[in-house]
Amino acid sequence: MHEAGIAQNILDIAVENASNNNAKVINKIYVKIGKLAAIEHDALLFAFDALKEDTIAANALLEIEDIPIKGRCMECKHEDIYDEMFFSCKRCGSYKVELLTGEELNITEIEVD
Amino acid sequence: MEKINIEEKILSKNIKKADALRDLFKKKRVFVMNLVSSPGSGKTSILESTLIGIKNKYNIGVIEGDLQTENDAKRIRKTGIDAIQINTGGACHLEAGGIEKALVNFDLDKLDLLVIENVGNLVCPASFDLGEDCKVVVVSTPEGEDKPAKYPSMIRVASAMIINKIDLLAYLDFDINKCIDFAKGINPDLDFFNVSCKTGEGISTWTNWLTKQINDKKSL
């Protein structure tokens, strides 16, 4: 349950960037969260809504884009999406699968006035 | 309405602090291990069993993370090793800033090994880099062989996995090979150690791995 810490970090980065660009209000914050980052949406949104009060993001929406786990086999080069947390190549069975996406915990963009 | 492109890691503040710590540890040639597990897997017992065998050869410091109490730091101090306790209050993990503050208690010029025993939690500590050289994850046999599959984020970022309490295998339906396979399916580069702090089985093999890491860091 570290979603409150994550939400605070999102707000800090958004407010800092907005201020640097002389914005008065933050309307929307876009984040990308990989499936392997183990973040619970509802907990993150709950924390975000509680923490945004009395900031320039008080009315901001948090837009979360979920990033699936995509892996590439280092032996046969096959690429696939992994819904299960077991990354053995779906073509050749090798365990040497390099993850291309799914570990993100990024803030990408804000909309401001 | 204006759009501002950011493209930044949400935990960048912690990452920056952790990177600074990693540079410092490299300069001082201190090997730093971040020990993680769920509550009750035996992290502190493993430290007691391991460190007592190498304390005459290396200068060791331990940072203990728990929500409350000095209990674990006291246990480590009983072995003659310096330990300081961080009480997080309610927080479920340690952050790089807390480690930075705790370092005033140690003389890094003299230290060979710093162990950070994280708060018992297999979720949150996976996301917070502490500047360590490696994370070592402990799973104990009563927790079930599918523990790695249930907590993949931590398995993914660990360098080694210790399976503890193997003295209980006779009483449990715990298949070690299955447990290891679950973990390999998430992180094929893991090193595995099966140990019992009760009987001492496997402790020397694990300790050899640890001392190799310490020596490699010293000779950088």
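Which strand of chain B does Glu7(B) lie in? Glu7(B) belongs to strand S1 of chain B, and this residue is taken up again in the third of the legends below, which describe close-up views of a predicted model.

**View 1. Chain B as a whole.**
Chain B contains eight helices and eight strands. Its radius of gyration is 18 Å, close to the 17 Å that the globule rule gives for 220 residues, so chain B is as compact as a globular protein of that length. Taken along the principal axes, the box filled by the C-alpha atoms of chain B is roughly 65 × 45 × 35 Å. Of the 220 residues of this chain, 45% count as buried. Among the contacts in chain B with a separation of 6 or more, 75% are made by residues 24 or more positions apart.

**View 2. The contact between chain B and chain A.**
On the two sides of this contact, 26 residues of chain B meet 29 residues of chain A. Strand S1 (2–9) and helix H6 of chain B each supply at least two residues of the side of chain B that touches chain A, and S1(B) gives the most to that side, with eight residues. By residue class, the side of chain B that touches chain A divides into 13 nonpolar, five polar and eight charged residues. Strand S6 (residues 105–112) of chain A runs antiparallel to S1(B), and six bridges join these two strands. Within this pairing, Glu109(A) has Asn5(B) of S1(B) as its bridge partner.

**View 3. Two residues of chain B with positive phi.**
Most residues other than glycine have a negative phi. Glu7(B), in strand S1 of chain B, has a phi near 50°, a positive value in a residue other than glycine. Lys165(B), which is not a glycine either, has a positive phi of about 65° and lies in the loop between S7 and H7 of chain B. Lys165(B), by contrast, counts as buried, because it has 23 C-beta neighbours inside 10 Å, where 20 or more are required.

**View 4. The crossover through helix H7 of chain B.**
Strand S7 (residues 160–164) and strand S8 (residues 191–194) of chain B pair in the parallel sense, over four bridges. From S7(B) the chain passes through helix H7 (residues 176–184) of chain B to S8(B), and this β-α-β crossover is right-handed. The buried residues of H7(B) include Cys179(B), Phe182(B) and Ala183(B). Seen down the axis of H7(B), its buried residues fall within an arc of 95°, so they line one face of the helix. Among the elements that cover these buried residues of H7(B) are strand S6 (134–140), helix H5 (147–150), helix H6 (152–157) and S7 of chain B.

**View 5. Helix H2 of chain A and its two sides.**
In helix H2 (residues 41–51) of chain A, Leu44(A), Ala47(A) and Phe48(A) are buried. The buried residues of H2(A) fall within an arc of 100° when seen down the helix axis, so they line one face of the helix. On the other side of H2(A), Asp42(A) and Ala50(A) are exposed. The cover over the buried residues of H2(A) includes helix H1 (3–20) and S2 of chain A. Asp49(A) also has its place in helix H2 of chain A, and this residue is partly exposed, with 14 other C-beta atoms within 10 Å.

**View 6. The surroundings of Leu62(A).**
Leu62(A) is found in strand S2 (residues 61–67) of chain A. Leu62(A) is buried, because 21 other C-beta atoms lie within 10 Å. With its neighbours within four places in sequence left aside, Leu62(A) is in contact with Ile29(A), Val31(A), Leu45(A) and Phe48(A). From Asp49(A), 13 residues apart along the chain, the C-alpha atom of Leu62(A) is separated by 8.8 Å. Leu62(A) and Glu109(A), 47 residues apart in sequence, are 11 Å apart in space, C-alpha to C-alpha.

How values were computed: Residues numbered from 1 in each chain as written. Chains lettered and ligands numbered in written order. Predicted model: local features only at pLDDT ≥ 70, side-chain atom pairs only at ≥ 80, totals over all residues. Pairing = 2+ DSSP bridges. Right-handed = clockwise from strand over helix to strand, strands pointing away. Buried ≥ 20, exposed ≤ 12 C-beta atoms within 10 Å, placed from the backbone. Arc of directions from axis to C-beta. Contact = placed C-beta atoms within 7 Å. Nonpolar A, V, L, I, M, F, W, Y, C, P; charged D, E, K, R; others polar. Rg over C-alpha atoms; globule rule 2.2 N^0.38 Å.
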